[in-house]
Amino acid sequence: IWDLVKPLLAGPALAVDLPGRGTKPADVTEVRLGDAIDSVVADVEAWPIEQVVLVAHSLSGILVPAVTTRLGERVTHAVFVSAAVPRPGNSYLDVLPVSQRLFLRLVLAIQKKGPRTPASATRRALCNDLDEPTTQLVLGRLTREAPRFYQEPVPGKIPGRTPMLYVKLTRDRALSPALQDKMITRLPGTRVEAIEAGHLPMLGQPNRLATILNSLPKDTRTAE
């Protein structure tokens, strides 16, 4: 999903796969939030780059507190792209409005092998500003999510010394602009940049997203 953005960045970039995706096959019903945190930390520690900017999109925002804490001063900036920011000890489900929370709980109860969004809902929620070929690319790569990512309490707290940037997507139907504003209030002192885009700006507006990432201070431009 980051392939269009990576060549546009001012520094080297590492796009990681979470357990159960891409290069890291796993039974998603067994994958815990801690497994994803361990996986990201291991990937960064194996990467021969001294400093990184941690970029999290959507659900992956729940990984940022623990990953940032464990990587310490190696993380020079944390960037949230329409990302979830639960309060310490809360889960991703706790981020959602009550109606969405109840619906997702129902989905998790029914789809025992892990939730997978139907194509029609994906097209409406994730692809509202994408052209048809790109939409088909997204639909063709849908996969099941790890249920525990939604349900387990998010560990850790982002260190106060870590500079933060929130990229708000004003046409996002998956994480509404109003909900993004709520997430921003949980990140005191964070810088905010807006893109008139749906939930997947790395596919719909890669140049604009890369420009924002490249605008970070020169000594923190290495991107993860």
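Student: Which residues of β3 point one way and which the other way?
Tutor: Met164, Tyr166 and Lys168 point one way, while Leu165, Val167 and Leu169 point the other way. This is a predicted model, where local features need pLDDT of at least 70, side-chain atom pairs count only at pLDDT 80 or more, and totals for chains, interfaces and linings use all residues. Residues are numbered from 1 along each chain as its sequence is written, and side-chain values use heavy atoms, with hydrogens and water left out.

Student: Is β3 buried or exposed?
Tutor: Mostly covered: six of its six residues are buried, meaning under 20% relative accessible area with a 1.4 Å probe and protein chains only. β3 covers residues 164–169; strands are DSSP runs of E, at least two residues, numbered from the N terminus.

Student: What does β3 pair with?
Tutor: Four bridges join β2 (residues 75–81) to β3, running parallel, and Ala78 stands opposite Met164. On β4 (residues 191–195), five bridges join the strand to β3, also parallel, with Tyr166 opposite Val192. Pairing takes at least two DSSP bridges between two strands.

Student: Switching topic, what volume does the second largest pocket have?
Tutor: About 270 Å³, the space filled by probe spheres set on grid points joined across faces, edges and corners. A pocket is an open set of points on a 1 Å grid over the protein atoms alone, where a 1.4 Å probe fits, with protein on both sides within 12 Å along at least five of seven lines.

Definitions and conventions. 1 Å grid on protein atoms, 1.4 Å probe; cavity = no way out; pocket = protein on both sides within 12 Å on 5 of 7 lines; lining within 4 Å. Buried < 20%, exposed > 50% of the residue type's maximum accessible area, 1.4 Å probe, protein only.
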